[in-house]
Every structure is written in structure tokens, then in C-alpha cells.
Amino acid sequence: MNDNDAFLDAARQLIDAGRFIDSRGWVPATSGNFSARLPDGTIAITVSGKHKGRLQRDDIMRIDADAHSLDGKKPSAETVLHTSLYKRFPAVQSILHPHSLNAALVSKIFKSEIVLEDYELLKALSGISTHESRVVVPVFANDQNIPRLAEQVERYLDAHADCRAYIIAGHGLYTWGRSVEETLRHLEALDFLFDCELRLHGVKNQ
């Protein structure tokens, strides 16, 4: 597959992912951003300000590993959050960032981290083979200074290399995987588990 074919295939996968994610109500208005790493090391990513449920081929652009546009289009202001993850994790091939209701709400209740334990659906996350597992999803304060936020995430990942996702408080979830399909699976599982925690927390406080 040549570079252009690889880009077109990645664009198709991101467009399909956008439609699915939008069908779940996880990317209201023009929120969220999605990306996929290409074989040549460049990255296909959604153009800033586009509705993710109605993406077209021209709504996917290409950037280099340092978040610079390669085709004159404008990527999301949060692009460096994608590129920093690709640099850290060579196996990661896709990153999805929706603004789901559950992620926003759970970040308001659990201020620093969400701990997910003893759920069968944890096995949907790559590398987990038993429900007898503990997954921590950190919560970072929202920050309009994206390089500063990226540095905070980097410091956390330096100490927690097994992290599979994080939330920006009142904002949305970042998760990643070895393909767009795997990352979608992680996203769907995490959103369900956040819903479980929200309901459990509500019961505990009645």
C-alpha cells in the first residue's frame, strides 16, 4: 500500500469511527478529535471545527510527528496531545478523543482518578485477561495552555507506563490502541464502566 492509499484507508476508518461515536452522543457539536498513525510516521487527524458525525474525506488532514500541518489545513489545538502519545508508545496506531457525558460527569465526581476494579468488561482493554484487575484512569484539570497540559500528562505517564486512558476534567476522554478498531473497543468499554461508576456513586449517596 502506497502512502496515499494508506492515508485514504486511515481517513475512511476515522470517518466511520466518527459516525459510530456520534451515534452514541459522544461528540456533540464539533467536539472531539481523532487520529491514526500512518506507515511513514505521519499522522491522519481530523481538521479543527468539523462535526465528527458528518466527516468527509476533506475533513481529515495529515500532520508530521511534531504536529505540523503537511497540507495547509488546521488541526485541533489539542494535536500535541496526540503526537506526544505516538512518540511515547510505538505500538499505538490510533487515538480517539470524544466528549462523552459520562466522561465529563465522572471527572467532576472523582477529582484525581477513576479506579475501575472487578468488572468483567475490563477484559475489553488490551492486555487484560481477567476481571480481577484494577485500572486507574487519571483526571487532569482542563487547561487552555495545551503544551503545559501535555507536559502534565507526560509526567504522569513517566510514572504510570501502563496507563490506557485519561480524562481532562469537564472536557473528555483520551484513549488509544493498536488500531482504530481496538481504540473504539476501549472507548466503548470505558464509557460503559464510567456509567457503572456514576450509578454506583449515586446509589451510595442516596
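## A walk through the chain

Start with the surface: the chain exposes about 9,800 Å², and carbon and sulfur atoms supply 50% of it (accessible areas come from the Shrake-Rupley method with a 1.4 Å probe, and for residues only the protein chains shown count as cover). Keep in mind that this is a predicted model, where local features need pLDDT of at least 70 and side-chain atom pairs count only at pLDDT 80 or more, while totals for chains, interfaces and linings use all residues. Residues are numbered from 1 along each chain as its sequence is written, and side-chain values use heavy atoms, with hydrogens and water left out.

**The whole chain**

Switch to a cartoon view. Follow the sequence and the pattern reads α-β-β-β-α-β-α-β-β-α-β-β-α.

Now zoom out. The C-alpha trace spans about 55 × 35 × 35 Å along its principal axes. A compact globule with 206 residues would have a radius of gyration near 17 Å, and the chain agrees with that at 16 Å (the radius is taken over C-alpha atoms, and the globule rule is 2.2 Å times the number of residues to the power 0.38).

Among contacts between residues at least 6 apart in sequence, 61% join residues at least 24 apart (contact means heavy atoms within 4.5 Å).

**Into the core**

Select Leu116, Val137, Ile167 and Phe194. These are the residues with the most contacts inside the largest nonpolar core, which has 37 residues (a nonpolar core is a set of buried Ala, Val, Leu, Ile, Met, Phe, Trp, Tyr and Cys residues joined through side-chain atoms within 4.5 Å). The elements giving two or more residues to this core are α1 (3-23), β1 (33-37), α3 (101-109), β5 (113-117), β6 (134-140), β7 (165-168) and α5 (180-204). Apart from this core lies another, of 24 residues, among them Ile63, Phe89, Val92 and Leu149. In soluble globular proteins, nonpolar side chains tend to be buried together.

Stay on Phe194 for a moment. Which residues does Phe194 touch, not counting those up to four places away in sequence? Show Asn102, Ala103, Val106, Ile114, Leu116, Val137, Ile167 and Leu173, and you have them.

**Along helix α4**

Next, select residues 146-159, which make up helix α4, and pick out Val153. Is Val153 buried or exposed? Val153 is buried, with a relative accessible area of 2%. Beyond residues up to four places away in sequence, Val153 touches Phe140 and Tyr166. Draw a distance from Val153 to Gly170: they are 17 residues apart along the chain, and their C-alpha atoms are separated by 16 Å.

Glu151 lies in helix α4 too, but Glu151 is partly exposed, at 48% relative accessible area. From Glu151, jump to Leu81: the two are 70 residues apart in sequence, yet 9.2 Å apart from C-alpha to C-alpha.

Glu188 is your next stop, in helix α5. Glu188 counts as partly exposed at 35% relative accessibility. Leaving aside neighbours within four places in sequence, the contacts of Glu188 are Phe20, Arg24 and Trp26.

Then click Arg134 in strand β6. Arg134 is exposed, with a relative accessible area of 52%. Besides neighbours within four places in sequence, Arg134 is in contact with Val115, Leu116 and Glu117. Arg148 is 14 residues from Arg134 in sequence, but 29 Å away in space, C-alpha to C-alpha.

Find Ala29 in the loop between α1 and β1. Phi of Ala29 is near 55°, a positive value in a residue other than glycine. Ala29 counts as exposed, at 57% relative accessibility.

Last, select Asp118, in the loop between β5 and β6. Asp118 has a positive phi as well, of about 60°, although it is not a glycine. What is the relative accessible area of Asp118? The value is 53%, and Asp118 is exposed.

How values were computed. Buried < 20%, exposed > 50% of the residue type's maximum accessible area, 1.4 Å probe, protein only. Helix = DSSP H or I, 4+ residues; strand = E, 2+ residues; numbered from the N terminus.
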